[in-house]
Amino acid sequence: VIAQLASLYLADDRFVDTVVHGCTSAVGSLSNRSADCEATVFFGIHDPSGFYISAIGHVNADGPQHNAWRNVGIDIATEAYDLAPSFLKASAKPLILLHCTPGHEEAVIDGIHDVIPTADVFGGSAGDTAFDPSAWRVVSGGLTLPAPAVSLTLMWPTVPYTLSLNSLHDMDAGRNRTAEVTEVAEDGRRLVSLDGKPARDVYDAWTKFNEDAETEEQLSSRSTLRPLARLVQSDDTSGIFTLHPMMDRADDRSMGLFASAKVGERLVCTSSNRTRLVNAV
């Protein structure tokens with residue numbers, strides 16, 4: 001559907017020079033006060049004096065995945081950056097809208113910053129609640145790619161902008177629920193053990209749930225309300241970076257993650273509730 005919509009826009013004379021960028025979403029779409037599980041939302045920018053260019057790339061599924069995703073970030077950032085006028089490169093730092101099908105998004109950002117170190121990057125993952133890769137798509141111009149793929153739009157807007165990334169979870173309640181990562185797999189996307197114990201056993205003890213009586217929906221809800229996170233410390237602030245568990249029932253009691261964990265770092269179990277999440281948004 002998104003490929004057909006992008007093609008329609010490009011075929012309309014009114015949008016012949018439009019930069020098109022898009023992706024699939026997790027559950028549905030939001031617009032103002034409405035939400036729809038089967039809708040498509042368009043976000044348009046009219047900035048004739050600004051510079052906007054999109055690029056897209058497919059990830060090579062063979063070999064080390066972290067490197068493959070980073071290389072795509074390098075390639076598409078280079079493709080877009082090479083088309084930018086020299087005076088823009090010298091005068092202001094750019095803004096990048098990024099969408100990836102779920103994979104190694106952090107590696108893509110590293111690749112982009114290899115090419116454009118000063119770029120501000122924002123965006124998201126083009127996943128879904130069923131975590132079915134066959135449903136994931138990203139779009140750039142008239143081209144749509146299935147997973148694993150990445151698209152970006154490189155921008156130099158002529159108006160001021162501000163980016164804000166906020167966690168909707170509280171780490172205060174989880175200060176006593178912390179452990180060291182002692183084993184990972186799948187380039188850090190699977191958490192095998194915490195403090196030398198199976199990761200799922202530690203997480204279940206922290207969140208105090210009876211797995212045998214838990215439905216799949218409750219399992220997913222638990223990881224949303226009580227995700228694991230790493231502590232992040234900058235020069236003058238501290239915060240958390242959520243490594244949202246992908247709640248499956250692996251026989252080895254490991255846990256999938258939506259971001260990479262590293263051996264030796266400490267993770268904390270954070271908490272929230274449905275009311276707080278809705279009110280915070």
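Is E186 buried or exposed? E186 is exposed, with a relative accessible area of 54%. Exposed means over 50% relative accessible area, buried under 20%, and partly exposed in between (1.4 Å probe, protein chains only).

## Basis

This is a predicted model: local features need pLDDT of at least 70, side-chain atom pairs count only at pLDDT 80 or more, and totals for chains, interfaces and linings use all residues. Residues are numbered from 1 along each chain as its sequence is written, and side-chain values use heavy atoms, leaving out hydrogens and water.

## Overall make-up

The protein has 7 helices and 17 strands. Both are DSSP runs numbered from the N terminus: helices are H or I with at least four residues, strands are E with at least two. Of the 281 residues, 39% are buried.

Take the contacts with a separation of 6 or more: 70% of them join residues 24 or more positions apart. A contact means heavy atoms within 4.5 Å. The protein exposes about 15800 Å², and carbon and sulfur atoms supply 53% of that area. Areas come from the Shrake-Rupley method with a 1.4 Å probe.

## A three-strand sheet

An open sheet of 3 strands runs in the order β1-β7-β8, with antiparallel pairing. β1 (21–23) and β8 (143–146) are the edges; each has a single partner strand, so one side of each lacks a neighbour in the sheet. From one strand to the next, the twist averages 15°. Axes here are lines fitted to C-alpha atoms, and angles run from 0 to 180 degrees between N-to-C directions.

Two strands pair if DSSP finds at least two bridges between them. β7 (residues 137–140) and β8 pair over 4 bridges. R137 stands opposite P146 in β8.

## Salt bridges

The count is 10 salt bridges. The rule asks for a side-chain nitrogen of Lys or Arg within 4 Å of a carboxyl oxygen of Asp or Glu. D120 and K93 form one at 3.5 Å, N to O. The two lie 27 residues apart: D120 in strand β6 (residues 120–125), K93 in the loop between α3 (86–91) and β5 (95–100). K93 is partly exposed, at 46% relative accessible area.

R190 meets E186 at 3.6 Å, N to O. R190 is buried at 12%, while E186 is exposed at 54%.

## A linked network

D204 bridges to R253, with the closest N and O atoms 3.0 Å apart. D204 sits in helix α5 (residues 199–207), and R253 in the loop between β15 (245–246) and β16 (255–257), 49 residues away. D204 is buried at 9%; R253 is partly exposed at 23%. Salt bridges link R200, D201, D204, R222 and R253 in a network.
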